[in-house]
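Please read the numbered points with the model in view.

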Amino acid sequence: MVSAGGRIGLPEQGWTWTSEAGDSLLASAEAAGVTLPSSCRNGTCRACLCRLLSGQVRYRIEWPGLSAEEKAEGWILPCVAEALGDCTLAVPAASRAAFD
């Protein structure tokens, strides 16, 4: 079995965090204080749709709500995707709480 987890980066915002094995990209972002768009958290609503710029993911469900063409173009659903090493994402709507 391929181990999961890695450094996740959002280059547009300049943020990085660590995703542990077994964590979805969405859950790892939340644990790091980064908010990604989301709603259903089960791969059907597509609210979290974003682009994988580098790296690889595997899905927790057999076929997430993406077409074959979207997958080929690098679109992913972070609510049901786990990192297979370091990944870079494009998520323009990402936000993070201000820290003192």
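In which strand does Glu 82 lie? Glu 82 belongs to strand β7, residues 81-83. Strands (E, at least two residues) are DSSP runs, numbered from the N terminus.

1. Basis of the note. This is a predicted model, in which local features need pLDDT of at least 70 and side-chain atom pairs count only at pLDDT 80 or more, while totals for chains, interfaces and linings use all residues. Residues are numbered from 1 along each chain as its sequence is written, and side-chain values use heavy atoms, with hydrogens and water left out.

2. Surroundings of Glu 82. Glu 82 counts as buried because its relative accessibility is 10%; buried means under 20% relative accessible area, exposed over 50%, and partly exposed in between (1.4 Å probe, protein chains only). Its side chain makes a polar contact of 3.0 Å with that of Arg 60. A polar contact is a pair of N or O atoms within 3.5 Å; within protein, one must be able to donate a hydrogen and the other to accept it, and residues adjacent in sequence count only if both atoms are side-chain atoms. Leaving aside residues up to four places away in sequence, Glu 82 touches several others, including Ala 4, Gly 22, Asp 23 and Gln 56 (contact means heavy atoms within 4.5 Å).

3. The sheet. An open sheet of five strands has the order β2-β1-β8-β4-β6, with mixed pairing. At its edges are β2 (15-19) and β6 (75-76), each of which pairs on one side only. Two strands pair if DSSP finds at least two bridges between them.

4. Strand β1 (residues 6-10) runs antiparallel to β2, and five bridges join them. Gly 6 has Ser 19 of β2 as its bridge partner, and Arg 7 stands opposite Thr 18. Four residues separate the strands of this hairpin, in which Gly 14 takes a positive phi near 80 degrees.

5. The two faces of β2. Which residues form the covered face of β2, and which the uncovered one? Trp 15, Trp 17 and Ser 19 make up the covered face, whereas Thr 16 and Thr 18 form the uncovered one. In a regular strand the side chains alternate between the two faces of the sheet.

6. Most residues other than glycine have a negative phi. Arg 41, although not a glycine, has a positive phi of about 65 degrees; Arg 46, also not a glycine, has one of about 75 degrees. Arg 41 is placed in the loop between β3 (34-35) and β4 (50-54), and Arg 46 is found in the loop between β3 and β4. Arg 41 is partly exposed, at a relative accessible area of 43%, and Arg 46 is partly exposed at 32%.
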